[in-house]
Amino acid sequence: MKKWLEFLIPVKTAACYSFTAALFIYTVICLFTGRASIPIGIVLSFLLLSLAAAVLQIVAFTSLVFKKLRYGPRLLLFILPFFAVLSLIAKGFHWFPPELGSAWMLFLLLFLLIFVVMTVGFEIYFRVTGHKYDGLLGQYRLAKRKGADCPPPPSQL
């Protein structure tokens, strides 16, 4: 039961973030295009997509399933099934005419562009965050060497 909760709680959180972001972006697009409502099919497709993305994120990017796996294979473990699920949802919920080859090509190009931008964005974020924590860890070790008994104040963490 504990393993199940270790998996379910992050899935729930990631799905909520994804769903909220997708609906927000679609709402902004609707505002700029003059649409006054969001079809229920779009809402349901975003919900399914958010759940699938959350499960795939937890499987690919945490150690819950794969303990030791390099970042490159993790990206492939995420992108390939995610694109398949995204394509099925796009076709099933008629996001665009499925018989139009140019629409699929644009869909693929947009997917790859967004994936690259988000991957680079997360990489930059994690590097900046990592450097911040490396610096705090260095300060903590220096304080320990000088004989200070207490860790840095919580406001710096």
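Helices (H or I, at least four residues) and strands (E, at least two) were taken as DSSP runs and numbered from the N terminus. On this basis the protein chain contains four helices and zero strands, and its pattern along the sequence is α-α-α-α. The model is predicted, so that local features need pLDDT of at least 70 and side-chain atom pairs count only at pLDDT 80 or more, while totals for chains, interfaces and linings use all residues. Residues are numbered from 1 along each chain as its sequence is written, and side-chain values use heavy atoms, with hydrogens and water left out.

Of the 157 residues in the protein chain, 23% are buried, that is, under 20% relative accessible area, with exposed meaning over 50% and partly exposed in between (1.4 Å probe, protein chains only). Contacts were defined by heavy atoms within 4.5 Å. Among contacts between residues at least 6 apart in sequence, 52% join residues at least 24 apart.

Helices H2 and H3 pack with their axes 9 Å apart and at an angle of about 165°; axes are lines fitted to C-alpha atoms, for helices over the stretch in contact, and angles run from 0 to 180 degrees between N-to-C directions. H2 is therefore roughly antiparallel to H3, a term applied to angles over 145 degrees. The contact involves, among others, Leu48, Leu49, Ala52 and Leu56 of H2, and Leu75, Phe78, Phe82 and Val85 of H3. By class, 17 nonpolar, two polar and one charged residues take part in the contact of H2 with H3. Here Ala, Val, Leu, Ile, Met, Phe, Trp, Tyr, Cys and Pro count as nonpolar, Asp, Glu, Lys and Arg as charged, and the others, Gly among them, as polar.

Ser50 belongs to helix H2, which spans residues 40–61. Ser50 counts as buried because its relative accessibility is 4%. A polar atom of the Ser50 side chain lies 2.7 Å from the backbone oxygen of Phe46. Leaving aside neighbours within four places in sequence, Ser50 is in contact with Ala15, Ser18 and Phe19.

His94 lies in the loop between helix H3 (71–92) and helix H4 (101–145). With a relative accessible area of 60%, His94 is exposed. The phi of His94 is near 55°, a positive value in a residue other than glycine. Most residues other than glycine have a negative phi.

Notes. Polar contact = N/O pair within 3.5 Å; in protein donor to acceptor, adjacent residues only side chain to side chain. Parallel < 35°, antiparallel > 145°, perpendicular 65-115°, else oblique.
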